[in-house]
Amino acid sequence: MDFTEIMIEIDAGNLETAAAIANMAVPHGIYIEDYSDLEAEAQRIAHINLIDEELLAKDRDIAWVHVYISPEENPVEAIEFLRQRLSSAGIANKISAKACNVETYINNWKKYFYPLEAGERLLICPSWRRAEIESNGRTVLQIDPGLAFGTGAHETTNLCLNLLEKYMESGLKVLDIGCGSGILSVASILLGAKSATGVDVDELAVKTAVENAEINNVSDKFTAICGNLTDKIHGKFNIIVANIVADVIIELNKSVKEYMHKHSVYLMSGIIAPKEAEVLNSLESDFNVIDIKRKNGWIAIVAMLRG
């Protein structure tokens with residue numbers, strides 16, 4: 001069966017808000033077209049000057065958010081949700097939809113996925129652009145997200161990558177709950193983790209995470225598990241990262257300390273601003289909140305299990 005591609009045309013100045021709304025409609029499967037600062041961004045991020053003529057001809061005042069609805073979901077409901085939320089936010093928009101197969105979906109977002117610096121040490125790079133880039137001393141993390149969420153570009157993942165770098169120490173064990181493409185698991189190993197375990201309810205995400213560990217030559221330190229939250233997890237970890245959504249994190253907070261040592265670090269992301277207080281209130285008294293980062297309406301919270 002085909003996916004449904006929903007295309008949202010907006011003024012480029014409203015892109016951040018529109019993208020956040022689109023991410024509420026689906027947990028994965030969006031990509032963004034924004035050409036307002038194309039040349040400068042290509043040079044800053046990818047260190048390249050050669051840009052396709054087709055991209056150079058794009059309207060710089062308009063941006064597009066593409067949302068992909070899987071066959072088992074209802075695209076009509078998604079479109080109505082997007083229209084209502086965009087209108088409430090005062091964002092003028094044009095929404096269209098068409099059927100597309102999986103191959104079209106994959107090849108579409110590939111055109112707009114460029115290397116991205118993360119923190120001070122990592123360069124996130126799609127494998128098909130590896131030969132084009134200069135790492136400038138950064139560690140290259142090659143990523144092929146496929147149909148799994150996680151390229152490093154979205155605020156939630158970017159916040160996690162920066163916080164992982166901040167709190168990572170050599171030899172730590174990491175648990176990545178809702179691992180998606182495996183980007184955070186692989187990043188943690190490249191940053192010095194002894195091992196990383198990624199768990200996701202989606203079999204395709206688990207397969208993708210394994211493949212990404214392989215292309216980064218860290219598969220010997222990575223374990224992928226298909227399961228719901230911590231149902232199939234055993235043992236304790238020094239860092240736990242949950243880049244999911246607020247409601248799932250709130251549920252996870254009831255049991256996550258069972259998998260932590262004293263002074264283990266728990267990194268939560270995927271939280272929209274209105275849910276911040278609710279997530280904080282769901283943490284038990286055994287936790288100290290040690291860090292909160294905010295970016296474009298998204299929140300990441302770091303808590304430590306008390307000794």
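Me: Where is L229 placed, and what makes its phi worth noting?
Reply: In this predicted model, L229 sits in the loop between β10 (222–226) and β11 (237–243). L229 has a positive phi of about 50 degrees although it is not a glycine.

Me: Why does H263 count as exposed?
Reply: Exposed means over 50% relative accessible area. H263 has 51% relative accessibility, so H263 counts as exposed.

Me: How many aromatic pairs does a search of the whole structure find?
Reply: The search finds 1 aromatic pair, formed by Y266 and F287.

Me: How do you know that Y266 and F287 form a pair?
Reply: Ring centres must lie within 6.5 Å to count. For Y266 and F287 the value is 6.0 Å centre to centre, so the two rings pair.

Me: Why is the pair of Y266 and F287 called tilted?
Reply: Planes under 30 degrees apart count as stacked and those over 60 as edge-to-face, with the rest tilted. Here there are 45 degrees between the planes, therefore the pair falls under tilted.

Me: Which parts does this pair tie together?
Reply: Y266 lies in strand β12 (residues 260–272) and F287 in strand β13 (residues 287–295), so the pair links parts that are 21 residues apart in sequence.

Me: Are Y266 and F287 buried or exposed?
Reply: The limit for buried is under 20% relative accessible area. Y266 has 0% and is buried; F287 has 7% and is also buried.

Me: What makes the arrangement of α6 and α7 roughly parallel or roughly antiparallel?
Reply: The axes of helix α6 (residues 155–167) and helix α7 (residues 183–190) come within 10 Å and cross at roughly 20 degrees. Angles under 35 degrees count as roughly parallel, and α6 and α7 are therefore roughly parallel to each other. Their crossing is right-handed.

Me: Which residues of α6 and α7 meet?
Reply: T157, C160, L161 and L164 in α6 meet I183, L184, A187 and S188 in α7. The residues of this contact divide into 6 nonpolar, 2 polar and no charged.

Me: What is the make-up of the chain in helices and strands, and what share of it is buried?
Reply: The chain has 10 helices and 14 strands. Of its 307 residues, 50% count as buried.

Terms used: Residues are numbered from 1 along each chain as its sequence is written. This is a predicted model: local features need pLDDT of at least 70, side-chain atom pairs count only at pLDDT 80 or more; totals for chains, interfaces and linings use all residues. Side-chain values use heavy atoms; hydrogens and water are left out. Axes are lines fitted to C-alpha atoms, for helices over the stretch in contact, and angles run from 0 to 180 degrees between N-to-C directions. Helices (H or I, at least four residues) and strands (E, at least two) are DSSP runs, numbered from the N terminus. Angles under 35 degrees count as roughly parallel, over 145 as roughly antiparallel, 65 to 115 as roughly perpendicular and the rest as oblique. A crossing is left-handed if the near helix is turned anticlockwise from the far one by less than a right angle, and right-handed if clockwise. Contact means heavy atoms within 4.5 Å. Ala, Val, Leu, Ile, Met, Phe, Trp, Tyr, Cys and Pro count as nonpolar, Asp, Glu, Lys and Arg as charged, and the others, Gly among them, as polar. Buried means under 20% relative accessible area, exposed over 50%, partly exposed in between (1.4 Å probe, protein chains only).
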